[in-house]
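Good morning, and thank you for joining.

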Amino acid sequence: MSQETGTARVKRGMAEMLKGGVIMDVVNAEQAKIAEDAGAVAVMALERVPADIRAQGGVARMSDPDMIEKIQATVSIPVMAKVRIGHFVEAQILESLGVDYIDESEVLTPADYINHVDKWNFKIPFVCGATNLGEALRRINEGAAMIRSKGEAGTGDVSNAMSHMRSIGGDIRRLTSMREDELYVAAKEMQAPYALVKEVAETGKLPVVLFTAGGIATPADAALMMQMGADGVFIGSGIFKSGNPAHRAAACVKATTFYNDAKVLADVSRGLGDAMVGINVADIPVPHRLAERGW
Amino acid sequence: MKIGVLALQGDFREHLHAIALCGEEGIEVRRASELDTCDAFILPGGESTAIALLARNYDLIEPIRARIESGMPTYGSCAGMILLADRLVDGAPGQQTFGGIDMTVRRNAFGRQVDSFESTLSFNSHSLHAVFIRAPWVEDVGSSVEVISTVTTSDGKSHPVAVRQSHLLATSFHPELTQDQAVHRYFIDEVCKSR
(Lines give C-alpha, C1' and ligand atoms only; values in the text may rest on other atoms or scores of the structure.)
Protein backbone atom coordinates (compact mmCIF):
# COMPACT_ATOMS: atom_id res chain seq x y z
CA MET A 1 0.00 0.00 0.00
CA SER A 2 1.59 3.27 -1.08
CA GLN A 3 1.57 6.21 1.29
CA GLU A 4 2.00 9.68 -0.13
CA THR A 5 3.33 12.44 2.15
CA GLY A 6 3.57 16.19 1.62
CA THR A 7 0.58 16.41 -0.75
CA ALA A 8 -1.44 19.62 -1.10
CA ARG A 9 -4.33 17.80 0.58
CA VAL A 10 -2.44 16.85 3.73
CA LYS A 11 -0.86 20.32 3.89
CA ARG A 12 -4.15 22.16 3.50
CA GLY A 13 -5.96 19.54 5.60
CA MET A 14 -3.62 20.21 8.52
CA ALA A 15 -4.86 23.83 8.58
CA GLU A 16 -8.47 22.60 8.49
CA MET A 17 -7.83 20.90 11.85
CA LEU A 18 -6.79 24.23 13.39
CA LYS A 19 -10.02 26.00 12.46
CA GLY A 20 -11.97 27.68 15.22
CA GLY A 21 -8.77 27.78 17.27
CA VAL A 22 -6.12 30.17 18.54
CA ILE A 23 -2.44 29.91 17.60
CA MET A 24 -0.20 31.67 20.12
CA ASP A 25 3.28 33.17 19.83
CA VAL A 26 5.63 31.76 22.47
CA VAL A 27 9.31 32.45 23.15
CA ASN A 28 10.13 29.53 25.47
CA ALA A 29 8.91 26.15 26.72
CA GLU A 30 7.16 27.64 29.79
CA GLN A 31 5.04 29.90 27.62
CA ALA A 32 4.32 27.00 25.25
CA LYS A 33 2.99 24.98 28.21
CA ILE A 34 0.78 27.88 29.33
CA ALA A 35 -0.57 28.15 25.78
CA GLU A 36 -1.30 24.42 25.51
CA ASP A 37 -2.98 24.37 28.93
CA ALA A 38 -5.15 27.33 27.89
CA GLY A 39 -6.42 25.40 24.85
CA ALA A 40 -4.24 26.79 22.03
CA VAL A 41 -4.48 24.61 18.89
CA ALA A 42 -0.83 25.31 18.03
CA VAL A 43 2.07 27.48 19.12
CA MET A 44 4.38 29.68 17.05
CA ALA A 45 7.92 29.39 18.38
CA LEU A 46 9.96 32.57 17.99
CA GLU A 47 12.75 34.32 19.86
CA ARG A 48 11.08 37.70 20.23
CA VAL A 49 7.40 38.51 19.96
CA PRO A 50 6.63 41.18 17.36
CA ALA A 51 6.21 43.91 20.02
CA ASP A 52 9.83 43.32 21.12
CA ILE A 53 11.14 43.11 17.56
CA ARG A 54 9.50 46.46 16.99
CA ALA A 55 10.87 47.97 20.20
CA GLN A 56 14.42 46.60 19.92
CA GLY A 57 14.89 46.93 16.17
CA GLY A 58 17.72 45.14 14.36
CA VAL A 59 17.46 42.20 11.98
CA ALA A 60 14.93 39.57 13.04
CA ARG A 61 15.69 35.99 11.92
CA MET A 62 14.64 32.36 12.30
CA SER A 63 14.80 31.13 15.91
CA ASP A 64 17.54 28.96 17.41
CA PRO A 65 16.84 25.24 16.67
CA ASP A 66 17.57 24.44 20.35
CA MET A 67 14.72 26.68 21.43
CA ILE A 68 12.34 25.21 18.85
CA GLU A 69 13.24 21.64 19.87
CA LYS A 70 12.69 22.41 23.55
CA ILE A 71 9.20 23.62 22.71
CA GLN A 72 8.54 20.54 20.54
CA ALA A 73 9.58 18.36 23.47
CA THR A 74 7.31 20.23 25.88
CA VAL A 75 3.95 20.32 24.09
CA SER A 76 1.91 17.77 22.14
CA ILE A 77 0.06 20.33 19.99
CA PRO A 78 1.53 21.42 16.61
CA VAL A 79 4.59 23.67 16.70
CA MET A 80 5.03 26.32 14.01
CA ALA A 81 8.05 28.53 13.39
CA LYS A 82 8.88 31.56 11.24
CA VAL A 83 11.32 32.08 8.39
CA ARG A 84 12.22 35.35 6.70
CA ILE A 85 10.42 36.07 3.43
CA GLY A 86 12.36 34.35 0.64
CA HIS A 87 14.82 32.59 2.98
CA PHE A 88 14.48 29.06 1.67
CA VAL A 89 17.47 27.78 3.64
CA GLU A 90 15.87 28.76 6.95
CA ALA A 91 12.85 26.82 5.65
CA GLN A 92 15.03 23.78 4.88
CA ILE A 93 16.39 23.94 8.43
CA LEU A 94 12.91 24.11 9.98
CA GLU A 95 11.78 21.21 7.78
CA SER A 96 14.69 19.12 9.06
CA LEU A 97 13.57 19.89 12.64
CA GLY A 98 10.13 18.55 11.81
CA VAL A 99 8.15 21.66 12.72
CA ASP A 100 4.50 21.20 11.78
CA TYR A 101 4.02 24.48 9.88
CA ILE A 102 6.34 27.19 8.57
CA ASP A 103 5.27 30.84 8.65
CA GLU A 104 7.00 32.83 5.90
CA SER A 105 6.56 35.99 7.87
CA GLU A 106 6.80 39.72 7.33
CA VAL A 107 7.43 40.01 11.08
CA LEU A 108 11.02 38.90 10.45
CA THR A 109 13.36 40.99 8.28
CA PRO A 110 12.91 39.92 4.63
CA ALA A 111 15.76 38.01 2.97
CA ASP A 112 14.50 38.67 -0.57
CA TYR A 113 12.69 41.82 -1.67
CA ILE A 114 11.47 40.30 -4.95
CA ASN A 115 10.71 36.59 -4.49
CA HIS A 116 9.03 34.51 -1.83
CA VAL A 117 10.01 30.89 -1.05
CA ASP A 118 8.90 28.30 -3.62
CA LYS A 119 6.77 26.44 -1.13
CA TRP A 120 5.93 23.51 -3.44
CA ASN A 121 9.49 22.26 -2.82
CA PHE A 122 8.71 21.40 0.80
CA LYS A 123 6.82 18.60 2.53
CA ILE A 124 6.07 20.91 5.43
CA PRO A 125 3.09 23.21 4.84
CA PHE A 126 3.49 26.99 4.83
CA VAL A 127 1.28 29.79 6.08
CA CYS A 128 1.80 33.26 4.57
CA GLY A 129 0.43 36.70 5.30
CA ALA A 130 -1.75 38.74 2.94
CA THR A 131 -3.34 42.18 2.99
CA ASN A 132 -5.65 41.60 0.02
CA LEU A 133 -6.96 38.81 -2.22
CA GLY A 134 -4.34 39.25 -4.95
CA GLU A 135 -1.53 38.82 -2.44
CA ALA A 136 -3.24 35.78 -0.89
CA LEU A 137 -3.63 34.11 -4.31
CA ARG A 138 0.00 34.83 -5.24
CA ARG A 139 1.09 33.07 -2.05
CA ILE A 140 -1.24 30.12 -2.73
CA ASN A 141 0.17 29.91 -6.26
CA GLU A 142 3.65 29.61 -4.69
CA GLY A 143 2.38 26.73 -2.54
CA ALA A 144 1.07 28.32 0.67
CA ALA A 145 -1.39 25.89 2.33
CA MET A 146 -2.88 28.46 4.71
CA ILE A 147 -3.28 32.25 4.63
CA ARG A 148 -3.43 34.70 7.50
CA SER A 149 -4.48 38.29 7.04
CA LYS A 150 -1.47 40.33 8.16
CA GLY A 151 -2.83 43.09 10.32
CA GLU A 152 -0.02 45.04 11.94
CA ALA A 153 1.96 42.72 14.21
CA GLY A 154 3.14 43.83 17.64
CA THR A 155 0.75 46.76 17.99
CA GLY A 156 -2.30 45.48 19.86
CA ASP A 157 -4.23 47.67 17.39
CA VAL A 158 -6.81 45.56 15.59
CA SER A 159 -7.64 48.14 12.89
CA ASN A 160 -5.31 46.74 10.23
CA ALA A 161 -6.44 43.17 10.82
CA MET A 162 -9.94 44.51 10.27
CA SER A 163 -9.09 46.35 7.05
CA HIS A 164 -7.24 43.32 5.64
CA MET A 165 -10.11 40.97 6.43
CA ARG A 166 -12.56 43.42 4.86
CA SER A 167 -10.34 43.74 1.81
CA ILE A 168 -9.96 39.97 1.29
CA GLY A 169 -13.65 39.32 1.95
CA GLY A 170 -14.74 42.23 -0.22
CA ASP A 171 -12.58 41.12 -3.16
CA ILE A 172 -13.98 37.58 -2.89
CA ARG A 173 -17.56 38.89 -2.90
CA ARG A 174 -16.80 41.08 -5.91
CA LEU A 175 -15.40 38.13 -7.87
CA THR A 176 -18.48 36.00 -7.21
CA SER A 177 -20.69 38.70 -8.75
CA MET A 178 -18.67 39.08 -11.96
CA ARG A 179 -19.47 37.75 -15.40
CA GLU A 180 -17.07 35.02 -16.48
CA ASP A 181 -15.57 37.21 -19.21
CA GLU A 182 -14.68 39.85 -16.60
CA LEU A 183 -12.51 37.50 -14.55
CA TYR A 184 -9.54 37.83 -16.95
CA VAL A 185 -9.20 41.53 -16.22
CA ALA A 186 -9.89 40.94 -12.53
CA ALA A 187 -6.95 38.52 -12.48
CA LYS A 188 -4.76 41.08 -14.25
CA GLU A 189 -5.76 43.85 -11.85
CA MET A 190 -5.20 41.85 -8.70
CA GLN A 191 -1.97 40.40 -10.14
CA ALA A 192 -3.10 36.87 -9.42
CA PRO A 193 -3.19 33.69 -11.52
CA TYR A 194 -6.39 33.40 -13.56
CA ALA A 195 -7.05 29.77 -12.52
CA LEU A 196 -7.14 30.71 -8.82
CA VAL A 197 -9.26 33.81 -9.51
CA LYS A 198 -11.77 31.63 -11.37
CA GLU A 199 -11.79 29.07 -8.55
CA VAL A 200 -12.52 31.77 -5.95
CA ALA A 201 -15.26 33.25 -8.17
CA GLU A 202 -16.92 29.82 -8.37
CA THR A 203 -16.59 28.74 -4.73
CA GLY A 204 -16.86 32.13 -3.00
CA LYS A 205 -13.96 31.34 -0.71
CA LEU A 206 -10.20 30.89 -0.65
CA PRO A 207 -9.00 27.38 -1.58
CA VAL A 208 -7.15 27.27 1.78
CA VAL A 209 -7.96 28.13 5.39
CA LEU A 210 -7.91 31.86 6.25
CA PHE A 211 -6.80 32.94 9.73
CA THR A 212 -6.38 36.50 11.05
CA ALA A 213 -3.27 37.93 12.69
CA GLY A 214 -1.69 41.19 13.71
CA GLY A 215 -2.97 43.36 16.55
CA ILE A 216 -5.40 41.00 18.29
CA ALA A 217 -5.15 41.64 22.02
CA THR A 218 -8.52 40.87 23.65
CA PRO A 219 -11.24 38.18 23.53
CA ALA A 220 -13.48 40.75 21.82
CA ASP A 221 -10.84 41.29 19.11
CA ALA A 222 -10.69 37.54 18.48
CA ALA A 223 -14.49 37.29 18.25
CA LEU A 224 -14.60 40.35 15.96
CA MET A 225 -12.28 38.62 13.50
CA MET A 226 -14.30 35.39 13.67
CA GLN A 227 -17.50 37.32 12.94
CA MET A 228 -15.66 38.91 10.00
CA GLY A 229 -15.22 35.43 8.55
CA ALA A 230 -11.82 34.33 9.83
CA ASP A 231 -11.39 30.56 10.31
CA GLY A 232 -9.29 31.18 13.44
CA VAL A 233 -6.82 33.65 14.94
CA PHE A 234 -3.12 34.08 15.61
CA ILE A 235 -2.32 36.01 18.77
CA GLY A 236 1.25 37.21 18.95
CA SER A 237 2.29 39.77 21.49
CA GLY A 238 -1.27 40.13 22.82
CA ILE A 239 -1.03 37.26 25.32
CA PHE A 240 2.45 37.22 26.80
CA LYS A 241 2.73 41.04 26.82
CA SER A 242 -0.38 41.26 29.00
CA GLY A 243 -0.76 41.25 32.79
CA ASN A 244 -2.11 37.71 33.19
CA PRO A 245 -1.16 35.57 30.16
CA ALA A 246 -2.73 32.25 31.30
CA HIS A 247 -6.07 33.86 32.03
CA ARG A 248 -6.10 35.97 28.86
CA ALA A 249 -5.05 33.00 26.70
CA ALA A 250 -7.93 30.86 27.99
CA ALA A 251 -10.34 33.77 27.52
CA CYS A 252 -9.28 34.27 23.89
CA VAL A 253 -9.71 30.53 23.21
CA LYS A 254 -13.27 30.60 24.54
CA ALA A 255 -14.07 33.81 22.66
CA THR A 256 -12.92 32.19 19.41
CA THR A 257 -15.30 29.23 19.90
CA PHE A 258 -18.28 31.24 21.18
CA TYR A 259 -17.65 34.26 18.93
CA ASN A 260 -21.37 34.75 18.30
CA ASP A 261 -22.47 34.68 21.93
CA ALA A 262 -22.20 38.11 23.57
CA LYS A 263 -22.97 36.66 27.04
CA VAL A 264 -19.99 34.31 26.88
CA LEU A 265 -17.85 37.14 25.47
CA ALA A 266 -18.84 39.40 28.37
CA ASP A 267 -18.02 36.64 30.83
CA VAL A 268 -14.56 35.92 29.45
CA SER A 269 -13.75 39.64 29.17
CA ARG A 270 -14.10 40.15 32.95
CA GLY A 271 -11.09 40.64 35.22
CA LEU A 272 -8.41 39.93 32.65
CA GLY A 273 -5.98 42.47 34.12
CA ASP A 274 -3.92 44.75 31.91
CA ALA A 275 -3.99 44.23 28.15
CA MET A 276 -0.77 44.89 26.26
CA VAL A 277 -0.21 48.63 26.13
CA GLY A 278 0.06 48.72 22.36
CA ILE A 279 0.76 51.36 19.75
CA ASN A 280 -1.68 52.96 17.33
CA VAL A 281 -0.81 51.87 13.81
CA ALA A 282 -1.33 55.49 12.71
CA ASP A 283 1.63 56.52 14.91
CA ILE A 284 4.03 54.13 13.14
CA PRO A 285 5.86 55.70 10.17
CA VAL A 286 4.94 53.84 6.97
CA PRO A 287 8.46 52.40 6.36
CA HIS A 288 8.25 50.69 9.77
CA ARG A 289 4.92 48.99 9.10
CA LEU A 290 5.43 45.25 8.78
CA ALA A 291 2.31 44.70 6.65
CA GLU A 292 4.03 46.54 3.78
CA ARG A 293 6.51 43.64 3.50
CA GLY A 294 5.45 41.04 0.92
CA TRP A 295 5.18 41.34 -2.85
CA MET B 1 -32.57 11.91 11.81
CA LYS B 2 -30.72 14.84 13.34
CA ILE B 3 -26.93 14.46 13.60
CA GLY B 4 -25.07 16.85 15.89
CA VAL B 5 -21.42 17.75 15.25
CA LEU B 6 -19.35 18.96 18.20
CA ALA B 7 -18.42 22.49 17.05
CA LEU B 8 -15.97 23.67 19.72
CA GLN B 9 -12.99 23.59 17.35
CA GLY B 10 -11.81 21.73 14.25
CA ASP B 11 -13.28 20.77 10.87
CA PHE B 12 -16.91 20.51 11.98
CA ARG B 13 -18.18 22.32 8.85
CA GLU B 14 -16.77 19.59 6.61
CA HIS B 15 -18.64 16.94 8.63
CA LEU B 16 -21.86 18.98 8.35
CA HIS B 17 -21.30 19.16 4.58
CA ALA B 18 -20.86 15.38 4.36
CA ILE B 19 -24.01 14.85 6.45
CA ALA B 20 -25.97 17.14 4.10
CA LEU B 21 -24.67 15.22 1.05
CA CYS B 22 -25.98 12.03 2.69
CA GLY B 23 -29.42 13.67 2.91
CA GLU B 24 -29.54 14.02 6.70
CA GLU B 25 -29.92 17.08 8.93
CA GLY B 26 -26.80 18.24 10.76
CA ILE B 27 -26.48 20.82 13.54
CA GLU B 28 -23.55 22.46 15.34
CA VAL B 29 -23.36 21.47 19.00
CA ARG B 30 -21.68 23.78 21.53
CA ARG B 31 -24.04 23.31 24.46
CA ALA B 32 -25.71 20.46 26.31
CA SER B 33 -29.14 21.81 25.30
CA GLU B 34 -28.17 21.40 21.62
CA LEU B 35 -26.87 17.89 22.28
CA ASP B 36 -30.26 16.95 23.77
CA THR B 37 -31.97 17.48 20.41
CA CYS B 38 -29.63 15.10 18.49
CA ASP B 39 -30.28 11.49 17.48
CA ALA B 40 -26.63 10.86 16.58
CA PHE B 41 -23.34 12.65 17.12
CA ILE B 42 -20.01 13.27 15.38
CA LEU B 43 -16.74 14.31 17.01
CA PRO B 44 -14.72 16.09 14.28
CA GLY B 45 -11.03 16.38 13.53
CA GLY B 46 -9.14 19.13 15.34
CA GLU B 47 -6.82 19.38 18.32
CA SER B 48 -8.03 16.86 20.88
CA THR B 49 -6.46 18.81 23.77
CA ALA B 50 -8.26 22.03 22.82
CA ILE B 51 -11.59 20.26 22.22
CA ALA B 52 -11.42 18.41 25.56
CA LEU B 53 -10.52 21.59 27.43
CA LEU B 54 -13.40 23.56 25.91
CA ALA B 55 -15.77 20.67 26.59
CA ARG B 56 -14.70 20.67 30.23
CA ASN B 57 -15.06 24.46 30.54
CA TYR B 58 -18.57 24.33 29.19
CA ASP B 59 -19.73 21.32 31.21
CA LEU B 60 -20.14 19.11 28.15
CA ILE B 61 -18.07 16.13 29.26
CA GLU B 62 -20.67 14.51 31.51
CA PRO B 63 -23.65 15.11 29.15
CA ILE B 64 -21.70 13.67 26.21
CA ARG B 65 -20.53 10.68 28.28
CA ALA B 66 -24.09 10.06 29.43
CA ARG B 67 -25.48 10.12 25.87
CA ILE B 68 -22.69 7.83 24.61
CA GLU B 69 -23.37 5.39 27.46
CA SER B 70 -27.11 5.45 26.83
CA GLY B 71 -26.56 4.35 23.22
CA MET B 72 -26.45 7.49 21.07
CA PRO B 73 -24.70 6.49 17.80
CA THR B 74 -21.42 8.44 17.76
CA TYR B 75 -18.63 8.69 15.19
CA GLY B 76 -15.21 10.29 15.79
CA SER B 77 -12.56 11.11 13.17
CA CYS B 78 -8.91 11.63 14.21
CA ALA B 79 -9.22 13.88 17.30
CA GLY B 80 -12.71 12.35 17.57
CA MET B 81 -11.16 8.87 17.72
CA ILE B 82 -8.93 10.04 20.57
CA LEU B 83 -11.96 11.43 22.40
CA LEU B 84 -13.82 8.10 22.08
CA ALA B 85 -10.93 6.05 23.47
CA ASP B 86 -11.15 4.53 26.93
CA ARG B 87 -7.33 4.69 27.19
CA LEU B 88 -4.64 7.01 25.69
CA VAL B 89 -0.92 6.69 25.06
CA ASP B 90 1.16 9.86 24.48
CA GLY B 91 -1.69 12.19 25.41
CA ALA B 92 -1.03 15.55 27.02
CA PRO B 93 -0.64 15.21 30.82
CA GLY B 94 -4.08 14.85 32.39
CA GLN B 95 -5.82 14.82 28.99
CA GLN B 96 -9.45 13.73 29.35
CA THR B 97 -11.55 11.77 26.87
CA PHE B 98 -15.26 11.00 26.67
CA GLY B 99 -14.43 7.32 26.25
CA GLY B 100 -16.83 4.61 25.15
CA ILE B 101 -14.75 2.37 22.91
CA ASP B 102 -12.73 -0.31 24.72
CA MET B 103 -9.44 0.59 23.03
CA THR B 104 -6.06 2.22 23.63
CA VAL B 105 -5.27 5.01 21.15
CA ARG B 106 -1.80 6.39 20.53
CA ARG B 107 -1.92 10.11 19.84
CA ASN B 108 0.15 11.49 16.89
CA ALA B 109 1.18 7.84 16.32
CA PHE B 110 2.25 8.29 12.69
CA GLY B 111 4.46 11.25 13.63
CA ARG B 112 4.49 14.97 13.02
CA GLN B 113 2.97 16.88 10.10
CA VAL B 114 5.89 15.93 7.81
CA ASP B 115 4.68 12.30 8.16
CA SER B 116 1.02 13.09 7.38
CA PHE B 117 -0.06 11.05 4.35
CA GLU B 118 -2.75 9.91 1.93
CA SER B 119 -3.33 6.25 1.19
CA THR B 120 -5.89 3.86 -0.23
CA LEU B 121 -7.32 1.33 2.18
CA SER B 122 -10.15 -1.14 2.49
CA PHE B 123 -13.17 0.00 4.50
CA ASN B 124 -16.10 -2.41 4.87
CA SER B 125 -15.13 -4.08 1.52
CA HIS B 126 -15.02 -0.65 -0.15
CA SER B 127 -11.77 0.84 -1.48
CA LEU B 128 -11.33 4.20 0.18
CA HIS B 129 -8.87 7.04 -0.31
CA ALA B 130 -7.96 8.17 3.20
CA VAL B 131 -6.23 11.32 4.50
CA PHE B 132 -4.18 10.98 7.71
CA ILE B 133 -3.06 14.20 9.45
CA ARG B 134 -0.86 13.90 12.53
CA ALA B 135 -3.07 10.89 12.97
CA PRO B 136 -3.52 8.52 15.91
CA TRP B 137 -3.76 4.76 15.59
CA VAL B 138 -5.35 2.09 17.75
CA GLU B 139 -2.83 0.28 19.91
CA ASP B 140 -5.09 -2.45 21.29
CA VAL B 141 -8.80 -3.26 21.40
CA GLY B 142 -11.11 -5.20 23.70
CA SER B 143 -13.00 -8.27 22.51
CA SER B 144 -16.19 -6.36 21.68
CA VAL B 145 -14.41 -4.04 19.22
CA GLU B 146 -14.47 -4.83 15.50
CA VAL B 147 -11.46 -3.67 13.45
CA ILE B 148 -12.72 -2.36 10.10
CA SER B 149 -9.51 -1.03 8.49
CA THR B 150 -5.79 -1.26 9.12
CA VAL B 151 -2.65 0.48 7.85
CA THR B 152 0.73 -1.24 7.59
CA THR B 153 3.68 0.95 8.56
CA SER B 154 7.19 0.68 7.06
CA ASP B 155 8.25 -1.65 9.90
CA GLY B 156 5.72 -4.18 8.60
CA LYS B 157 3.39 -3.78 11.57
CA SER B 158 -0.33 -3.47 11.05
CA HIS B 159 -2.32 -0.86 13.00
CA PRO B 160 -6.12 -0.54 13.24
CA VAL B 161 -7.29 2.83 11.85
CA ALA B 162 -11.06 2.25 11.76
CA VAL B 163 -12.95 0.46 14.53
CA ARG B 164 -16.52 -0.10 15.65
CA GLN B 165 -18.00 -1.11 18.97
CA SER B 166 -21.78 -1.48 18.72
CA HIS B 167 -23.12 2.11 18.31
CA LEU B 168 -19.67 3.75 18.26
CA LEU B 169 -17.42 4.25 15.21
CA ALA B 170 -13.94 5.80 15.04
CA THR B 171 -11.42 6.45 12.26
CA SER B 172 -7.83 7.76 12.42
CA PHE B 173 -8.35 9.40 9.03
CA HIS B 174 -10.56 12.23 7.74
CA PRO B 175 -13.28 11.13 5.29
CA GLU B 176 -14.74 14.63 5.64
CA LEU B 177 -11.74 16.02 3.72
CA THR B 178 -12.49 13.89 0.63
CA GLN B 179 -15.44 13.74 -1.76
CA ASP B 180 -16.22 10.12 -0.79
CA GLN B 181 -19.08 9.82 1.73
CA ALA B 182 -18.67 6.05 2.24
CA VAL B 183 -17.76 6.36 5.94
CA HIS B 184 -20.57 8.81 6.70
CA ARG B 185 -23.01 6.58 4.82
CA TYR B 186 -21.79 3.55 6.77
CA PHE B 187 -22.30 5.50 10.00
CA ILE B 188 -25.81 6.56 9.00
CA ASP B 189 -26.95 3.31 7.33
CA GLU B 190 -25.19 0.67 9.42
CA VAL B 191 -24.38 2.21 12.79
CA CYS B 192 -27.33 4.57 13.35
CA LYS B 193 -30.12 2.66 11.66
CA SER B 194 -29.19 -0.75 12.99
CA ARG B 195 -30.28 0.49 16.39
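Between chain B and chain A there are six salt bridges, a salt bridge being a side-chain nitrogen of Lys or Arg within 4 Å of a carboxyl oxygen of Asp or Glu. In one salt bridge, the side chains of Asp231(A) and Arg13(B) meet at 3.7 Å, N to O.

Before I continue: this is a predicted model, in which local features need pLDDT of at least 70 and side-chain atom pairs count only at pLDDT 80 or more, while totals for chains, interfaces and linings use all residues. Residues are numbered from 1 along each chain as its sequence is written, chains are lettered from A and ligands numbered from 1 in the order in which they are written, and side-chain values use heavy atoms, with hydrogens and water left out.

How many residues of chain B are in contact with chain A? The count is 42 residues of chain B, against 41 residues of chain A, where contact means heavy atoms within 4.5 Å. The two chains bury about 3400 Å² between them, and carbon and sulfur atoms give 56% of that area. Buried area here is the accessible area (1.4 Å probe) that two parts lose on being put together, summed over both. Arg112(B), Gln113(B) and Glu118(B) supply 19% of what chain B buries against chain A, more than any other three residues.

I turn to the sheets of chain B. Seven strands form an open sheet of mixed pairing, in the order β2-β1-β3-β4-β12-β11-β10. Strands are DSSP runs of E with at least two residues, helices are runs of H or I with at least four, and both are numbered from the N terminus; two strands pair if DSSP finds at least two bridges between them. At the edges stand β2 (25-29) and β10 (146-152) of chain B, each with a single partner strand, so one side of each has no neighbour in the sheet. Within this sheet, β1 (residues 2-6) and β3 (residues 40-43) of chain B pair in the parallel sense over three bridges, and Gly4(B) stands opposite Phe41(B) of β3(B).

A further open sheet has three strands in the order β5-β6-β9 (chain B), again with mixed pairing. Its edge strands are β5 (85-89) and β9 (137-141) of chain B, each of which pairs on one side only. Four bridges join β5(B) to the parallel strand β6 (residues 101-106) of chain B, and Leu88(B) has Val105(B) in β6(B) as its bridge partner.
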